[in-house]
Amino acid sequence: MKLISSAAEIADLSKKWHKDDLSVGLVPTMGWFHEGHLSLMRAGRSSSDRLVVSLFVNPIQFGPGEDLDSYPRDLERDRKMAESIGVDVLYAPRAEVMYPHGFQTLVRLTKLSLGLCGGSRPGHFDGVCTVVSKLFNQVRPDCAFFGEKDFQQLAVIRRMVFDLDMGVEIVACPIVREESGLALSSRNVNLKDEERESSLCLIRAIRYAKKRLVDSKQKIAAEELIDDLENQIRTTAGCTVDYVKIVDSDSLQDKDIVDDSSRLIMAVKINDRLRLIDNSSLI
Ligand code: AMP
């Protein structure tokens, strides 16, 4: 596996691969790999001739006071893990390569980026879309792999690719969870033991909502279910609700009635310092 930090070098290599008629897959990440990242890499490995994994903790998608400084980083650890999957290139550009002096362009969606995580983290998806656009321009992938863990991000990227005719196939990969049901996240490493226990309120909410849907003989009003879920989260030690929503899986618009096309999507704060997200279909 090659470790590349230069944008020109990865662009040249990708050009050469395309000339040789090889398909190129890209897995964009911020590093501190776990099984969730590895599942994306495995999907990429099995469907692309050449696989690039990018590793870049993107400063412009973090707001003031967010966890940019405490975000876990260990290039050597990540290098070994990516190599074990058979990744061809780990592309780890420095911030000066991505955002050279004078950088002033942003890619912004006018609707899908505003609610949910975009509501709590203004400008977050502008940062995500800008860096993903740059990665697509540098790596020129045929396919790019994203996790359903970041469900809104996936919808935003799909929209951006369609709206801007980027011609990259976006492949969605299912959420990988710990045995406890907690969705894997690089941020979990910062959870203390009792916070880890509290974080299970997310999977409990998902299980409760699914059971309500199975048990109910009548239609369930989304508002009523959301009230129940918010109360359960609020009564978990250290947990506050950022948002709990039941939305249409495609448009991410609020649903009135819970049905098969609904997605439960949530963000909670643990002890006011760590923000965790989770989501699930309800069928
Ligand atoms: P990150 O490094 O957190 O920016 O994540 C990089 C990619 O991995 C994104 O497409 C995420 O949605 C995906 N990802 C993160 N955690 C998981 C998980 N538990 N299961 C599946 N995909 C994940």
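Is tyrosine 71 buried or exposed in this model? Tyrosine 71 is buried, with a relative accessible area of 8% (buried means under 20%, exposed over 50%, partly exposed in between, with a 1.4 Å probe and protein chains only). The model is predicted: local features need pLDDT of at least 70, side-chain atom pairs count only at pLDDT 80 or more, and totals for chains, interfaces and linings use all residues. Residues are numbered from 1 along each chain as its sequence is written, and side-chain values use heavy atoms, without hydrogens and water.

Three aromatic pairs are present (ring centres of Phe, Tyr and Trp, the last by its six-membered ring, within 6.5 Å; planes under 30 degrees apart are stacked, over 60 edge-to-face, the rest tilted). Phenylalanine 56 and tyrosine 99 form a tilted pair, because their centres are 6.1 Å apart and their planes stand at 45°. Phenylalanine 56 lies in the loop between β3 (50–55) and α3 (75–85), and tyrosine 99 in the loop between α4 (95–98) and α5 (116–120), so the pair ties together parts 43 residues apart in sequence (helices are DSSP runs of H or I, at least four residues; strands are runs of E, at least two; both are numbered from the N terminus). Both residues, phenylalanine 56 and tyrosine 99, are buried. Phenylalanine 62 and tyrosine 71 pair edge-to-face, at 5.9 Å centre to centre and 80° between the planes. Phenylalanine 62 is also buried, at 10% relative accessibility. Phe56, Tyr99 and Phe103 make up one aromatic cluster.

Helix α6 is mostly covered, with 15 of its 16 residues buried. Arginine 140 follows α6 and has a positive phi, near 50°.
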